[in-house]
Amino acid sequence: MSLFDYYIPEPALRCPACTAPLADWQGTGGPKALLVWKQGVRSPVDQLAEGDGRLEAEALAAVHLPNVFRIYTACCSKRFFVEAIGRAPNGTWSSTELITVNNAQRDKDERMEDFKARLRWLQGGHH
Ligand SMILES: [Zn+2]
């Protein structure tokens, strides 16, 4: 079963394209157990899994995030997600780098025309 976790950047981030406040971040770089991670807090602050999917307190205290992980959320584009890179150098999520027109890189399986369209969207200012 392939799940994901929820992420709460602190402070909250704004969309690079339209500047709207962003929420409902998800990512598959962590334990993928419907946990809720909050920046600055080492252990999950909540878990939204039900029944067998829930972790006991002991297991919950043992999980942590990888050093670097990618998170994403939907905003003003139907085609592209807003993305960010979270970093947890000591096991605690300490920083979040929003992917903008300035630091976006073409994914290895992303077509050039798609990458260019993504950059135009990230640039913002036109809807
Ligand atoms: Zn937006």
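Me: Where is the place of Glu-110?

Reply: Glu-110 sits in the loop between strand S7 (95-98) and helix H2 (112-123). Helices (H or I, at least four residues) and strands (E, at least two) are DSSP runs, numbered from the N terminus. This is a predicted model, where local features need pLDDT of at least 70, side-chain atom pairs count only at pLDDT 80 or more, and totals for chains, interfaces and linings use all residues. Residues are numbered from 1 along each chain as its sequence is written, and side-chain values use heavy atoms, with hydrogens and water left out.

Me: Why is Glu-110 called buried?

Reply: Its relative accessible area is 12%. Buried means under 20%, exposed over 50%, partly exposed in between (1.4 Å probe, protein chains only), so Glu-110 counts as buried.

Me: What are the protein donors of the zinc ion?

Reply: Cys-15, Cys-18, Cys-75 and Cys-76, each through SG, lie 2.3 to 2.4 Å from the zinc ion. Donors are N, O and S atoms within 2.8 Å of the metal (3.2 Å for Na, K and Ca); water is not among the atoms, so sites may look incomplete.

Me: What makes the arrangement around the zinc ion tetrahedral?

Reply: The four donor atoms subtend angles of 104 to 120°. Four donors count as tetrahedral if all angles lie between 85 and 135 degrees, so the zinc arrangement is tetrahedral.

Me: Is Cys-15 buried or exposed?

Reply: Cys-15 has a relative accessible area of 3%, so it is buried. Cys-75, at 28%, is partly exposed.

Terms used: Four donors count as tetrahedral if all angles lie between 85 and 135 degrees; four count as square planar and six as octahedral if opposite donors are over 155 degrees apart and all others between 65 and 115; anything else is irregular.
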